[in-house]
Amino acid sequence: MGLHILVLAGGSGTRLWPVSRKAIPKHLLPLGQHGTSLLRDTVARVVGLADSVHVVTAASQAEQCAAAIAEFNLGPDAVIAEPEARGTGPALGLATRWIAADDPDAIICSVHADHHVADVDAYRAAVFAACGWASSTGGLATVGITPTSPATGFGYIELGERRDPADWHPPVSTATVSPALTDVAAHLGAHASLGFREKPDLNVARAFVAGNRHLWNLGLFAWPTAVFLDELAAADAAIDAGLEKTVAARRSGDETAATAAYSALRSVAVEPLVFEHTPQLTVVRAEFAWSDLGSWDDLLGARIAEGIGDARGNVIEGDGVMVDSRGCFISSRSGRTIAVVGAPPGIEGDPPDAGRGGSGPPAA
């Protein structure tokens, strides 16, 4: 039994356009704090926690993803490629079946490659806590973030009965995890899940925040291999059978057959396919600053949180000049100097809160 982490690196480049495009989606852009790619930074956060780390991506992005993480020497199976994009449900099913062929008792955790995390230690502890709960309970686990605003663009998870911290045990792994991180993971609050609520309206989101019983769903999940595959088979027998054919064909070297079997699957996210139906889901409550970087406004907020920006909440990357402006983001990647004057109109007063000012697409 080992611990394996899957880094989901999908996406079609529709967010953060025009910098993010189909050929270079968000996770491959140099949007990390030190100019590194988000994918590279995500792998760096989790590589010391598990026996193996794999990037799960579409075949069209496999070569670029492999190059982005080459420094970590993750081995020949570092990238598990979908023949065609079919959503996180089939993608995680494919990766789980691939790992299960060598480690049928594995604990597996999935994280997203394109998120911004301000507190790496808190993130690592939450990941390890979820893996521990999956191992300890023999059920599925996830991590939720305490909401800081009534966001209507995120999914929420409702908290049920509190789990007893004494029931938590670290997952079996040959990776070296510090006693301090293990101790933090052991004492993070955990609850049974009472279900998911996807993108509520503003009034409902406000009630969720006020009630303190709902967390943002950040798409971080952990599971014992056999349990996940049983849940997937019960949810959609056609997907389960197609994944079995895909892995068998790929392991025999017949990529044409693997592609045909996988391409016939319906496209679906893992939440409605598996996690929204399971009766055995544990939710770890985490507090670290997080963003899915779904917009330029989110990226501005992330930079402000990192301490980058001026007194009026402006951020400049590349050659740029701000005059009488606040809450603006300039990203000049072409060598041209970009000037912003008097934006937005009527700027008298204090600068906006981090991430709440106006922002727009950068100069390409």
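**A walk through the predicted model**

Of the 364 residues in the protein, 52% are buried, meaning that they have under 20% relative accessible area with a 1.4 Å probe, protein chains only. This is a predicted model, in which local features need pLDDT of at least 70, side-chain atom pairs count only at pLDDT 80 or more, and totals for chains, interfaces and linings use all residues. Residues are numbered from 1 along each chain as its sequence is written, and side-chain values use heavy atoms, with hydrogens and water left out.

The predictor's confidence in each residue is given as pLDDT, from 0 to 100. The protein averages 89, and 92% of the residues score at least 70. Over residues 347–364, however, pLDDT stays under 50.

The overall form may be considered next. For 364 residues, a compact globule would have a radius of gyration near 21 Å, and the protein agrees, with 21 Å; this radius is taken over C-alpha atoms, and the globule rule is 2.2 Å times the number of residues to the power 0.38. Along the principal axes, the C-alpha atoms fill a box of roughly 60 × 45 × 40 Å.

The secondary structure comprises 11 helices and 15 strands; these are DSSP runs (helices H or I, at least four residues; strands E, at least two), numbered from the N terminus. Helix H11 (residues 296–305) is mostly covered, with seven of its 10 residues buried. Among them are Trp296, Asp297 and Arg303. The buried residues of H11 pack against strand S5 (116–117), strand S12 (315–317) and strand S14 (329–331). After H11 comes Gly307, with a positive phi near 85 degrees.

Key. Contact = heavy atoms within 4.5 Å. Buried < 20%, exposed > 50% of the residue type's maximum accessible area, 1.4 Å probe, protein only.
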